Amino acid sequence: MADKKDLSYLSAKESRRITKENRKITKEYEKQISRKDVPESEYLTKMHNDKNILEIDNLHTYFFTDQGVVRSVDGVSFDVPRGATIGVVGESGCGKSVTSLSVMRLLQRPIGQIVDGEIRFKVDDDKAYDIAKMPIAEMQHIRGKEISMIFQEPMTTLNPVFKIGRQLDEVFELHDKETKAEDRRAKSIELLEMVGIANAEGVYDMYPHELSGGMRQRVVIAMALACQPKLIIADEPTTALDVTIQAQILDIFRQLKEKINSSIMLITHDLGVIAEMADFVVVMYAGRIVEKGTLEDIFLHPAHPYTIGLMDSKPSVNKDVDRLYSIPGKVPNPINMPDYCYFRDRCEKCLDKCDGEYPPLIKISDTHYVACYRSEDKEVKE
């Protein structure tokens, strides 16, 4: 029987109290985002930098569970410049995917809610929306057309009972209603050819289970590119694929990015993919950003102990080691997060100051930021 003094223990009475409170809180959020005929002025905003296509500013995304509030994304801020690739990296459970799902407004509702922050998206040269404040009904005009997402597992993305062509055509039916039925087929086949599928007409009439994993991933990429979105979010797009297919998929990303001039938000735990694809890198840990900067900043001059640990844990042809380095300890419980630095209990380079409040992001160069007290002496004043 669980010890009642154990922090992980929760009585039935306490669980019911938490559930009742959460239901009250989430009901208010649902009421706000489910409104219809909301004036555009409520979610119109201005970009802080016109060169950015997306600006995430102090984003807080929480899950209101029966055990307590999980702060999956806890004050995340970063920009996605137009035409650039941003790599978001970190171990499982650090908040990468929840950040992307917040941008797409695809959180598991009602327990998952954006509780604070802004997600500014540049719709055109003269207009920007705050996605965090948009009603769900309005978000449907943005999702899939202006912003598209490539999910981690293509077999769960594609509907197994519909043919590939039907699912591709549906994108045009939703977002390009002026396109005639015969033109939809031609456009869908053209998309399949664009992502490197040789037998495009044959694949158009196949079911998802008739294709290999690599072919299904290409179909999902084609679906995401159908409306030539301004921003593509790729959540672990190569994780389930073998190394050869991974290389082919990354080549497709590079070619398509140049062809349609989209920005890419690439979410992965694979540092090799980040090194090959990203212009800027965001390192996340336990729902917060611990370091961000250009690719050179992060790979050549890592400053946070967690980032350094990630770099040391990757295999290298230039190193002869008996065993790869592994970061000691485990990620803290997301429900009862400590007041001090979340990485402190796993860090081998702690200072006395690390027992205090969570460190802010410290600017150590024009493009490089790190949330660690060890970098205070390197801080560049504004």
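The largest nonpolar core has 38 residues. Leu54, Phe78, Ile119, Phe121, Ile147 and Ile233 have the most contacts inside this core. A nonpolar core here is a set of buried Ala, Val, Leu, Ile, Met, Phe, Trp, Tyr and Cys residues joined through side-chain atoms within 4.5 Å. Buried means under 20% relative accessible area, exposed over 50%, and partly exposed in between (1.4 Å probe, protein chains only). A second, separate core has 36 residues, including Val195, Ile197, Ala226 and Ile264.

This is a predicted model: local features need pLDDT of at least 70, side-chain atom pairs count only at pLDDT 80 or more, and totals for chains, interfaces and linings use all residues. Residues are numbered from 1 along each chain as its sequence is written, and side-chain values use heavy atoms, with hydrogens and water left out.

Take Phe78 next. Leaving aside neighbours within four places in sequence, Phe78 is in contact (heavy atoms within 4.5 Å) with residues including Leu54, Ile86, Val282 and Lys292.

Now the sheet. Eight strands form an open sheet in the order β7-β8-β9-β4-β10-β11-β13-β12, with mixed pairing. Helices (H or I, at least four residues) and strands (E, at least two) are DSSP runs, numbered from the N terminus. Two strands pair if DSSP finds at least two bridges between them. β7 and β8 (residues 231–235) pair in the parallel sense over four bridges. Ile147 has Leu231 of β8 as its bridge partner. Helix α8 (residues 213–225) packs on the sheet and touches β7 and β8. The direction of α8 makes about 175 degrees with that of β7. Axes are lines fitted to C-alpha atoms, for helices over the stretch in contact, and angles run from 0 to 180 degrees between N-to-C directions.

Finally, helix α6 (residues 181–194). Its buried residues are Arg184, Ser188, Ile189, Leu191 and Leu192. They cover an arc of only 155 degrees around the axis, so they sit on the same side of α6. The arc is that of the directions from the helix axis to the C-beta atoms. What covers these buried residues includes α5 (164–175), α7 (200–204) and α8. Asp183 also lies in α6. This residue counts as partly exposed because its relative accessibility is 37%. After α6 comes Gly196, whose phi is positive, near 90 degrees.
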